[in-house]
Amino acid sequence: MPWHLLGAGNLGTLAAFYFGQAGLTVRLATRRRLTLPDGTVHDLQLAGDDNAPITHLVLATKAAQSLDALAPLRARLSADTTLIRLQNGLGSLDGLPPPPPHIIEAVANSGAWREALPGGGEHVHLAAENPTLFGDGHATPPDWFAPLACHWPQLHWRTDIHLQQWLKLSVNAIINPLTALHDCDNGALLTNTALHPRLHALAAEVDQVASQLLPDWPGDTAGRALALARATATNTSSMRADVRAGRVTEIDFINGYLLRAATQLALPLPAHSHIIAAIKALPQKR
Ligand SMILES: NC(=O)c1ccc[n+]([C@@H]2O[C@H](COP(=O)([O-])OP(=O)(O)OC[C@H]3O[C@@H](n4cnc5c(N)ncnc54)[C@H](OP(=O)(O)O)[C@@H]3O)[C@@H](O)[C@H]2O)c1
């Protein structure tokens with residue numbers, strides 16, 4: 001029962017390490033599709049991949065890359081495929097053509113980054129090891145989870161994974177775009193009081209939506225965002241890093257997901273609409 005890995009970046013590399021430690025085989029699923037000017041389409045099978053049906057897949061691309069990355073693999077996926085979505089944000093698999101795989105959602109809190117090596121290649125650094133949560137709404141995890149959890153520090157199965165994802169999304173929807181827009185460390189959200197009205201407006205809108213969707217929503221998103229900003233005061237948020245590097249951000253799957261949920265409830269979110277537009281107006285290289 002090999003696992004395939006789609007997205008061998010920071011978190012994908014870390015996951016592959018822990019799967020390997022647990023004795024689970026991990027193969028890259030890096031098939032690339034190339035369209036030539038004459039319109040012919042070529043699927044390239046790169047070293048490390050195989051042509052087998054994919055029964056177990058870890059998806060660790062950035063959220064915005066998910067559908068493009070999965071497209072060349074569609075014929076190898078089925079309703080029997082288990083897919084761990086090891087990504088920030090929500091909604092990255094909306095629009096995936098049927099049949100849907102069995103999706104295990106994840107909340108990743110560890111911090112990893114990549115260094116380009118002078119002679120080529122990359123080196124992933126695990127900067128902080130924090131809890132990682134998996135869940136699919138069922139009380140009992142699949143058989144492979146217990147051996148994996150023996151080797152993946154602080155890996156937990158959560159029956160309330162949807163609530164946990166929203167708790168993560170709620171603070172990300174504040175810290176990420178504010179720090180990206182103002183090009184500041186997370187801790188500046190505490191010290192720069194000029195940002196507080198906007199922070200509180202964003203948090204109030206999150207609470208307005210989440211309290212309608214989740215019966216156990218604890219509220220106080222502003223308090224949790226400020227506590228996280230304090231605990232990670234010298235950190236650069238992933239959205240700030242993406243903006244600095246000119247990369248596409250994950251705003252469509254964080255604040256954008258929130259906005260889509262609010263639209264279904266006919267709730268206007270002016271603070272989030274405004275900050276989404278501001279982030280999207282920033283220059284992007286790719
Ligand atoms: N890094 C962290 O500390 C951390 C912490 C918590 C949550 N997260 C979340 O975890 C997710 C992954 O983040 P990350 O930092 O690991 O991102 P990352 O380092 O950019 O990794 C994404 C990987 O996906 C690859 N990829 C992109 N398009 C692909 C395609 N079409 N086919 C195959 N591979 C493709 C990228 O390759 P190229 O580089 O060649 O494009 C890259 O290796 C994100 O949602 C992020 O927010 C990350």
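Guide: Let's start with a term we'll need: the bend at a residue is the angle between two axes, one fitted to the seven residues ending there and one to the seven starting there. Keep in mind that this is a predicted model.

Now find helix α4, which runs over residues 161-181. By that bend angle, α4 has a kink of about 30 degrees, centred on Asn172. What about its length? At 1.5 Å a residue, the 21 residues of α4 should span 30 Å, and the C-alpha atoms at its ends are 29 Å apart, so the two values agree.

Next, look at what surrounds the helix. α4 is mostly covered, with 19 of its 21 residues buried; buried here means under 20% relative accessible area. Follow the chain just past the end of α4 and you reach Asp183, which takes a positive phi of about 45 degrees.

Asp220 isn't a glycine, yet it has a positive phi of about 50 degrees; look for it in the loop between α6 (196-213) and α7 (221-231). Ala266, not a glycine either, has a positive phi of about 60 degrees. You'll find Ala266 in the loop between α9 (255-264) and α10 (270-280). With 67% relative accessibility, Ala266 counts as exposed, because the cut-off for that is over 50%.

While you're on the backbone, go to Pro98 and Pro99: the peptide bond between them is cis, with omega near 5 degrees. Pro99 belongs to the loop between β6 (82-85) and β7 (102-108).

Finally, turn to the ligand. It has 21 residues around it, and the closest are Leu11, Asn88, Ala112, Arg114 and Glu250. Sorted by class, this shell holds eight nonpolar, nine polar and four charged residues. Both α1 (10-21) and β8 (111-116) supply at least two residues of the shell, and β8 gives the most, with three.

In the side chain of Asn10, an N or O atom is 2.9 Å from a ligand oxygen. For Leu11, a backbone N or O atom lies 2.8 Å from an oxygen of the ligand. Asn88 also uses its backbone, with a polar atom there 2.9 Å from a ligand oxygen. As for cover, the ligand on its own has 890 Å² of accessible area, and the protein covers 81% of it.

Conventions. Residues numbered from 1 in each chain as written. Predicted model: local features only at pLDDT ≥ 70, side-chain atom pairs only at ≥ 80, totals over all residues. Heavy atoms only, no water. Near = heavy atom within 4 Å. Polar contact = N/O pair within 3.5 Å; in protein donor to acceptor, adjacent residues only side chain to side chain. Areas by Shrake-Rupley, 256 points an atom, 1.4 Å probe, with all protein chains shown as cover. Helix = DSSP H or I, 4+ residues; strand = E, 2+ residues; numbered from the N terminus. Nonpolar A, V, L, I, M, F, W, Y, C, P; charged D, E, K, R; others polar. Expected span 1.5 Å × (residues − 1). Buried < 20%, exposed > 50% of the residue type's maximum accessible area, 1.4 Å probe, protein only.
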